[in-house]
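Open the model in your viewer and keep the selection tool at hand. The stops below go from whole chains to single residues.

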Amino acid sequence: MKKLVMIGNGMAGVSFVEQLLKLAPNRYEITIIGSEPHPNYNRIMLSSVLAGEATMQDIILNNWDWYKDNGITLHTAQTVTRVDIDGGTVTTDSGLTIPYNELVFATGSVPFMLPLPGADKEGVIAFRDINDCETMMKTAEKYRKAIVIGGGLLGLEAARGLLNLNMEVSVVHVMSYLMERQLDPTASQMLREELERQGMKFLMEKQSDQIIGEERVQGLTFKDGTVEEADLIVMAVGIRPNVQLAKESGIEVNRGIVVNDFLQTSVPNIHSVGECAEHRGNVYGLVAPLYEQGAVLAKKLAGVESAGYQGSVLSTKLKISGVNVFSAGSFMDAPGTKAVRVQDDLDGIYKKIVFENGKVVGAVMFGDTIEGSRIFSLIRSGEDCSGREKEILFGSSGGAAGKPISLTDMAAAMSDDEIVCGCNGVTKETIVEAITEKGCVSIGEIKACTKASGSCGGCKPMVEAILQSTVGADNVKKVKEGICGCTTHSREEVVEMIKQMKLTTTKEVMHVLEWSNPEGCSKCRPALNYYLGMVWPVEHEDEADSRFVNERNHANIQKDGAFSVVPRIYGGVTTPEDLKRIADVAQKYDVPLVKITGGQRIDLLGVKKEDLTSVWQDLGMPSGYAYGKTLRTVKTCVGNTFCRFGTQDAIKMGVEMEKKFERLNTPHKVKLAVSGCPRNCAEATIKDLGVVAIDGGWEIHVAGNGGTKVRAADLLVKVRTEEEVLEWTGAYLQYYRETASFGERTSEWSVRVGLDTIKKALDRKVDREAYVNRIEKSLSLTKDPWRQIIENEDLSKAFDALTGPIGTEAAAAGEH
Amino acid sequence: MNDMVSSITVGHASEFMERRSRVLRIGDLELALFKLSDGSFRAVENSCPHKGGKLADGMVCDHHVYCPLHDWKIDMNDGKVQAPDEGCVATFSVDVDEVGNVIVHFNANTARSKVS
């Protein structure tokens with residue numbers, strides 16, 4: 001077998017190898033040598049790692065197993081120091097000599113370090129690899145001030161990352177405006193304002209002079225005599241092709257390693273792809289062209305014919321969250337070009353499209369870049385758009401006559417080998433194959449299958465368009481998201497089917513609705529169990545095995561696998577006898593922590609699973625349901641029984657509500673409260689349902705939340721009597737039970753369906769009574785679970801551990 | 001080849017509930033013993049490779065169990081954590097004899113291999 005050796009283990013090179021393996025899996029014995037101690041990772045995602053949006057692990061493109069599985073010999077943390085062209089071998093810095101038949105230079109580029117005095121001080125780095133990222137993160141733990149030299153793409157992404165690490169960041173740029181190679185002055189100015197708003201400082205038209213400090217950097221001086229303090233200086237002024245080795249080996253080198261249309265260097269069996277290669281005078285530093293080069297070289301080395309590499313049109317997106325910037329092609333005004341532009345300072349939107357002879361040749365966009373991939377396709381296709389220039393800028397909403405060009409049309413018109421996802425080098429062909437051959441039907445599946453849209457996400461609209469154009473224009477439909485990965489059926493469809501076909505077990509539902517996993521998953525099983533119980537309270541037998549651990553064990557699991565126990569204390573009102581009993585239990589079972597909860601209960605934390613049943617037995621109190629999707633607590637203030645401001649008996653009201661609605665299964669947890677006056681000491685207006693006493697009546701507030709997303713409750717109704725409070729509460733809770741999705745809090749549900757819809761549904765007394773009848777039916781069937789388990793040996797046994805003989809052999813065998 | 005085999009009878013199949021589990025302790029070793037809906041049994045180390053969650057408290061879907069702490073999905077046939085998470089737990093073979101006794105085998109060779 002012929003030997004293929006590649007110098008460089010980066011994105012361009014490894015992508016080439018992937019494509020070669022697809023075309024000719026057994027043609028070469030492949031060896032890859034890389035200087036970094038990592039497998040191939042997504043270098044352009046480093047800014048996301050800094051921004052905290054991805055972990056190092058997330059950006060690995062090919063893990064160690066990939067190399068092994070494909071029979072590739074990988075030498076990492078080694079650098080090739082010599083190539084013997086005549087002998088056909090390469091030699092590494094650790095003394096390894098490897099023979100080759102075909103050699104590929106994928107050495108990429110090196111960051112350009114300004115040769116400033118003091119540039120060798122500690123704290124002066126580039127932004128190029130994982131190591132630089134780690135240095136930045138470590139520095140941010142100890143130091144405050146950072147300077148980034150370079151206001152280009154890379155510099156701004158580095159600066160944003162450092163801001164995320166809570167450093168003060170100044171960006172030094174030698175030009176008068178940022179990203180001058182990708183943006184025109186207008187877009188650049190808008191970008192600068194946005195970044196300043198985010199906290200970045202800019203020092204424009206500044207020429208760096210000297211890096212000052214002792215061992216570690218302390219600041220930067222400029223040619224104009226000014227000084228800026230710094231604990232860290234990141235140089236992001238540019239990259240240059242890494243050509244040293246090629247040059248020393250006698251290969252023709254200009255700015256990059258000179259290659260022809262088939263990526264061949266001046267030596268016939270030596271090739272080059274990526275940032276180190278120079279094709280027709282161009283060296284590319286963005287990822288999409290590098291993938292295109294890799295595809296051509298793969299074909300060449302696989303013996304497949306191709307038209308060769310013709311050069312690439314570039315497009316750029318800045319990966320800073322909240323800032324949308326897009327640029328492509330020749331976007332500067334020039335003789336013979338005409339531009340159409342919109343500028344909207346109110347919304348911070350700017351779009352400019354440059355035409356030459358009726359064709360789109362370039363574009364710059366800021367603020368709204370959704371159309372980016374569509375415009376980019378037009379540039380690449382070279383389609384004549386004479387007379388439709390404005391439509392192209394304004395899209396279909398431009399209102400001009402003539403057929404606008406839709407993204408789907410564009411997708412259909414794209415050639416198969418065109419790259420859709422620039423970050424991961426995925427062509428249209430690969431996406432179409434994923435849809436037609438691997439059965440992908442959603443963006444998520446295509447992403448999992450091909451990596452398309454998996455990095456910056458900018459190509460998502462185009463991937464979606466390809467999906468739609470491939471599935472067929474006639475049955476283009478939004479891919480349905482089911483209640484979980486096991487089904488495409490929505491909550492409404494599932495509930496409707498349960499009603500119509502009188503399904504009473506999760507097994508039946510999964511069978512009738514053709515679930516893809518025979519026994520479902522941890523998402524759908526509890527949901528189905530809830531819906532079944534809601535629709536058929538009598539016929540459906542609750543399935544303990546379809547409940548989440550807490551609702552199965554009737555206690556709250558903790559991180560170490562122990563549980564917490566909260567007995568029911570109605571309305572938060574207890575007695576000396578109950579307190580004594582709780583104290584005795586806590587002592588008897590060595591409960592590590594006893595705590596008063598936010599819902600006015602007592603929590604015994606750290607109870608062992610085996611002790612749960614005896615703890616319940618000794619407490620002799622009902623379960624407080626502090627663990628379930630159910631009524632948790634009714635929090636009360638003391639009301640007019642003791643408080644001089646109280647207008648009503650809040651305690652009595654709260655206890656009554658808790659006794660009436662306890663043990664109810666609901667889509668998510670439900671917290672209630674009753675306050676005895678508008679001072680609202682029970683915090684009733686951040687509860688799922690809160691009652692506030694007023695003079696001569698009660699206000700009922702609904703859909704509040706005090707958790708992750710704080711939401712003040714909306715006033716549902718004012719009523720006069722306690723009976724009315726119970727009626728409205730029952731009707732409201734039942735309406736929530738019947739219409740909310742499993743796992744949806746009332747605060748989310750109410751926003752989704754609308755408060756007016758809820759008010760309308762509960763407006764008529766006859767309707768309220770119907771809801772109350774149904775909720776009472778469900779309530780009548782519930783029993784205290786602690787008592788049930790204690791009294792049933794089969795159920796309580798599940799809490800005990802089985803033990804075997806303490807055999808040394810067995811124990812030894814289990815150690816791995 | 002290997003004489004470190006130890007088998008113990010832990011009870012009768014009828015004493016176990018379907019899609020539920022029991023904890024089994026032998027010395028320092030803690031296993032989660034599951035009865036699947038087809039009546040067969042699986043045994044795995046009672047500790048999720050992620051944060052040590054007690055798998056015995058997890059939800060059982062066919063031959064998979066979901067860790068109760070962070071919902072990692074583990075195939076009880078080979079002990080492998082399912083994507084996108086990664087990892088592995090030890091598995092132990094379990095037989096039900098002709099009269100219904102449930103027998104767990106501790107064998108260094110089969111501990112990680114498929115149980116059927």
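Predicted model: local features only at pLDDT ≥ 70, side-chain atom pairs only at ≥ 80, totals over all residues.

Residues are numbered from 1 along each chain as its sequence is written, and chains are lettered from A and ligands numbered from 1 in the order in which they are written.

**Whole chains**

Select chain A and colour by secondary structure: there are 28 helices and 38 strands. Helices (H or I, at least four residues) and strands (E, at least two) are DSSP runs, numbered from the N terminus. Of its 816 residues, 46% count as buried. Here a residue is buried if 20 or more other C-beta atoms lie within 10 Å of its own, exposed if 12 or fewer, and partly exposed in between, with C-beta atoms placed from the backbone. For contacts in chain A between residues at least 6 apart in sequence, 61% join residues at least 24 apart; two residues are in contact if their C-beta atoms, placed from the backbone, lie within 7 Å.

Switch to chain B, which has zero helices and 10 strands. Of its 116 residues, 44% are buried. In chain B, residues 24 or more positions apart account for 40% of the contacts with a separation of 6 or more.

**Helix 8 and helix 1 of chain A**

Select residues 287-302 of chain A, which form helix 8. Of its 16 residues, 15 are buried. The end C-alpha atoms of helix 8 of chain A are 22 Å apart, which agrees with the 22 Å that 16 residues should span at 1.5 Å a residue; the expected span is 1.5 Å times one less than the number of residues. Just after this helix, A:Gly303 has a positive phi of about 75°.

Axes are lines fitted to C-alpha atoms, for helices over the stretch in contact, and angles run from 0 to 180 degrees between N-to-C directions. To find the contact, show side chains including A:Phe16 and A:Leu20 on helix 1 of chain A, and A:Leu290 and A:Leu297 on helix 8 of chain A.

**The cores**

Which residues have the most contacts inside the largest nonpolar core? Select A:Val148, A:Leu191, A:Ile233, A:Val234, A:Ile257, A:Val420 and A:Ile431; the core has 142 residues. A nonpolar core is a set of buried Ala, Val, Leu, Ile, Met, Phe, Trp, Tyr and Cys residues joined through C-beta atoms within 7 Å. Helix 8 of chain A gives the most to this core, with nine residues.

Centre on A:Val234: leaving aside neighbours within four places in sequence, its contacts are A:Ile125, A:Phe127, A:Ala146, A:Val148 and A:Ala158. A second, separate core of 113 residues includes A:Val495, A:Val509, A:Val607 and B:Val23.

Select residues 722-739 of chain A, helix 22, which has 18 residues and reaches 26 Å from its first C-alpha to its last. Among its buried residues are A:Trp728, A:Ala731 and A:Arg737.

A:Asp767 lies in helix 25 (residues 765-780) of chain A. Is A:Asp767 buried or partly exposed? It is partly exposed, because 14 other C-beta atoms lie within 10 Å.
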